[in-house]
Structures are given as structure tokens and as C-alpha cells.
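Colleague: Hi! Could you walk me through how to read this model?

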Amino acid sequence: MFWLFITGALGASILGVSPKMQSLYQAEVFSCLDGSLDVPATFINDNFCDCTDGSDEPGTSACKNGQFYCAEDGYSPFTIPSSMVGDSICDCCDGSDEEPGKCPHNCKDKKMKSQENLRQKYTEWQQGLVAKLAVIAQASVNLQTKEYEIKKHKELREAGEKQKKAAWTVVKYLNEHQGCSEGSEEKFESIGNTMDEMVVSATNKIKDLEDELTYDVGKEKEFWNLIGLCTDYKEAKYTYTVCFYKDAVQKEGSSQFLIGRWNGFAEDYQKISFTGGDRCYSGPERSLTLTLECGPTVRLYGLEEPERCVYTAKLVVPGACKLDQY
Ligand SMILES: [Ca+2]
Ligand SMILES: [Ca+2]
């Protein structure tokens, strides 16, 4: 840690302090930034924590709550907790948090990667917006189709009910007048049963279609493409299957757990939650929260379990693309 004992020699740049804050460290007496104590400048970065806010040790890990400024030459500067200083892990791309020569200076690479990521995100956003418009347009067409299908199935059900009623009326008549037409009774019974099945099938279909029309698919119907869609994600020995508007399950070999049932969108369509899953052994019910990201195709990734049986993941979906994102 010898290299870090860069104390407050007047006029010298203090390790771990941003250029904007350097002037506060240049006097013979240093006032802790929270005003709690005045100490000699030699107490700065002497590897002993004097200030309660950790401000006298920006360049060492002596204070638990200290902040270290990474100069990040050529790249966006940022601060890290001073506990990360001298921990043999290169955190700043200029290597300033570790002993000189220990870390490569890779700010340029980091900047290029960052720009490349930005370019990639920008392309995804453009393609995502196009995909979102396509979903909205498709939603409008599908909506009309579904409304038409509902109308047709209602007509079918009505016709079926009429024919069913007629067939059973004939069966009843034949029952009451035995012998007037041998064999006809069975024929009309068969027609009645067929019509009965048709009415049940049409009723079920109407219910399914009407249910779909009640789904929350976003303000512009931009999540319409999630209706009836399931997507898989593999993580180690587990396979996660998320079926939108239905449920999410975790499979391992032949065993399967319900992670949660569809609980809808949250936080102004930035999240989707599945709740009320199978209870963990002496723990909570499983649940899953998806954070939505913009992209041209639906993709699940980054599944984590930050708390026991509480799962989080990212969902790339066109509906999450915003016009004013860039
Ligand atoms: Ca100190
Ligand atoms: Ca470090």
C-alpha cells in the first residue's frame, strides 16, 4: 500500500479526487467534506480513516464509505467505493486504483467498446421501432379479424342452437309416436348431438377470442405480438419457459416448478411480473419480474435470483422501443 500514501503535499494532485474537488484538498488544514472535523493535510490518504464521511481517504481503502475518483483518461470518469482501491482488481480503466504497472491502461479500448455498444444499441433501437410499428399495424388487422371471427362464431352458434332444438323436437315427437318411422329417431339424435358439440365448440372459441380482446397489450397495442407467445431461456441445468398472459415455469429434467402466473405490466409498461408461483421450501412463493428493453425481436436474457425464489430477467421486445429514446 506504500504507493497509495500520497499525502497532501500542497499543490500536488491528490489521488482519488476529481479535478473539480482538488482545491478542497490543497490547504494546510483539511476540513472533512461533511464538516465533522478539521485535520492536518498530512492526514489525507495516510491510510487511516479520520473523517466520518471518509473524505480524508479518497485514495486508500481505509474508510468504508470513501469514494475514489477514476480519472478514466479518454473515457467518462466515474467514482468507485474506495474499498475497491488496492484490492488487486483493476476497476478504473486508467489503472489508478491499483499499484502502478499492475493494471493495463485500456481506457481507449473501453471507449471503443462503449461506442460500439452504443452503435449496436442505436441500430437495435432503429430496427426495434420498425418492428414495433409492424406489431401495431398487425394488431389493428388482427383485431378486425378477431372481431369478425367472433361475429361468425356467434352466427354459427345461433344456427347450431336452432338445428339442435329442431332435431330434439323431432326426437321427442318420434318417441311419443313409436313405429311411425323406424330408424329415424337415431338419425335425429345424431344430428342433435352433432349440433350440441358445434354449439359448445363455438361457445369456447368465442370465449377464447373475447378473452384475448381483454388482454392489456399496451397503449398503442404495441405488445400484441406477446399474445400466445412462449419463449425459452436456458441457465445452467434449468430451462425457463415464459408464456405471456399465462405463466412462467422452471424445468429441470422431469421436475417442474411454477415461477408465477401472469400479473400484468407494471411501471408504465417498463416491467412485466409473474407472481404466486410454487412456494419454496420454507420460503416465499416464487415470482419473476421482467425488465423490458428495446429490440427488434422478443428475447429473454440475464436471468438472476437476487433473493431466494425471487427471479429477475431482461426481456427484449419491440413494444419497449420509445421514439424519443435517442
Ligand atoms: Ca486519514
Ligand atoms: Ca481495485
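Modeller: Start with domains, whose bounds come from an automatic or database domain assignment. In this predicted model, the C-alpha centres of domain 1 and domain 2 lie 75 Å apart. Residues are numbered from 1 along each chain as its sequence is written, while chains are lettered from A and ligands numbered from 1 in the order in which they are written. Local features need pLDDT of at least 70 and side-chain atom pairs count only at pLDDT 80 or more, but totals for chains, interfaces and linings use all residues.

Colleague: Which residues belong to each domain?

Modeller: Domain 1 covers 1-98 + 110-123, domain 2 covers 131-214, and domain 3 covers 224-320. The unreviewed UniProt entry also lists "domain: MRH" at residues 228-323; its positions are given in the numbering used here, feature names are shortened, and annotations may be inferred rather than shown by experiment. That span is 0% helix and 61% strand. Helices (H or I, at least four residues) and strands (E, at least two) are DSSP runs, numbered from the N terminus.

Colleague: How do I read a sheet, and in what order do the strands run here?

Modeller: Strands of a sheet pair through backbone hydrogen bonds, either parallel or antiparallel. Two strands count as paired if DSSP finds at least two bridges between them. Here eight strands make an open sheet with mixed pairing, ordered β5-β6-β7-β8-β9-β10-β12-β11. Because β5 (230-235) and β11 (299-307) each have a single partner strand, one side of each is left without a neighbour in the sheet. As one pair, β6 (residues 238-243) and β7 (residues 247-252) are antiparallel over five bridges, and V242 has A248 in β7 as its bridge partner.

Colleague: Why does Y25 count as buried?

Modeller: A residue is buried if 20 or more other C-beta atoms lie within 10 Å of its own, exposed if 12 or fewer, and partly exposed in between; C-beta atoms are placed from the backbone. Y25 is buried because it has 22 C-beta neighbours inside 10 Å. Y25 sits in the segment before β1 (29-31).

Colleague: And which residues have the most contacts inside the largest nonpolar core?

Modeller: A nonpolar core is a set of buried Ala, Val, Leu, Ile, Met, Phe, Trp, Tyr and Cys residues joined through C-beta atoms within 7 Å. The largest has 23 residues, and A248, I259, L288, L290, A313 and L315 have the most contacts inside it. At least two residues of this core come from each of α1 (107-176), β7, β9 (271-276), β10 (287-293) and β12 (310-316). A second, separate core of 16 residues includes Y69, C70, A71 and C93.
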